[in-house]
Amino acid sequence: MRLRTISRVEVKDNYVFRTLRGLRIQDVGHSVLHTPSLVTNNLINETLESGIYCASGSYAFNDSSSYGCRHILITGNRLKNCFNNGILVIGSKHVEVTNNIILNSANAPIQQWSGCDNLYKNN
């Protein structure tokens, strides 16, 4: 699933099995409204790349940029056998990754690049 350039998304209760990427969410969020998007209760199993990927249209973080994900809550997901990262966050701000179960990632269970003010706990 690829979701791109949307003010707010709610992705929940999906089963993702044997795909290239699991859930790819790019440039999602609104810099003014601060209404969080939600990615929850998904079961992701056997992806060739990351299971959940908060992507940015630009890899250079810029605090005032419209690129990257903003105000997203990723919680209560189960990820297994992701052959890159379980959860990958690039160029994003105010992403909260909590209470996920991530097993058997080939790279890191959780990876962040070029982001700030993100929260990772209880995974």
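**Salt bridges and a nonpolar surface patch**

The side chains of Arg-8 and Glu-10 come together in a salt bridge, with an N to O distance of 3.9 Å. This contact belongs to a predicted model, as does everything described below. Arg-8 is partly exposed, at a relative accessible area of 39%, and Glu-10 likewise counts as partly exposed, at 44% relative accessibility.

A second salt bridge is formed by the side chains of Arg-18 and Glu-46, at 2.7 Å from N to O. This pair links distant parts of the chain, for Arg-18 lies in strand β3 and Glu-46 in strand β6 (residues 43–47), 28 residues apart.

Another salt bridge joins the side chains of Arg-21 and Glu-49, where the N to O distance is 3.0 Å. Here, too, distant parts of the chain are linked: Arg-21 sits in the loop between β3 and β4, Glu-49 in the loop between β6 and β7, and the two are 28 residues apart. Both residues are partly exposed, Arg-21 at 27% relative accessibility and Glu-49 with a relative accessible area of 28%. In total, the count comes to four salt bridges.

Charged pairs are one part of the picture, and nonpolar side chains are another. Which residues form a nonpolar patch on the surface? They are Tyr-15, Phe-17 and Leu-43, and together they have about 280 Å² of accessible area. Tyr-15 lies in strand β3, which covers residues 15–19. With a relative accessible area of 53%, Tyr-15 is exposed. Strand β3 also holds Arg-18, the partner of Glu-46 in strand β6.

The mean pLDDT of the chain is 91, and 93% of its residues reach 70 or more. Among the elements of the chain, the lowest mean pLDDT, 92, belongs to strand β1 (residues 2–4), while the highest, 98, belongs to strand β12 (residues 101–103). Where pLDDT is low, the predicted coordinates should not be read in detail.

Terms used: Residues are numbered from 1 along each chain as its sequence is written. This is a predicted model: local features need pLDDT of at least 70, side-chain atom pairs count only at pLDDT 80 or more; totals for chains, interfaces and linings use all residues. Side-chain values use heavy atoms; hydrogens and water are left out. Patches are made of residues with over 30% relative accessible area and no salt bridge: like charges are joined within 9 Å, nonpolar side chains (Val, Leu, Ile, Met, Phe, Trp, Tyr) within 5 Å. Accessible areas come from the Shrake-Rupley method with a 1.4 Å probe; for residues, only the protein chains shown count as cover. Helices (H or I, at least four residues) and strands (E, at least two) are DSSP runs, numbered from the N terminus. Buried means under 20% relative accessible area, exposed over 50%, partly exposed in between (1.4 Å probe, protein chains only). pLDDT is the predictor's confidence in each residue, from 0 to 100.
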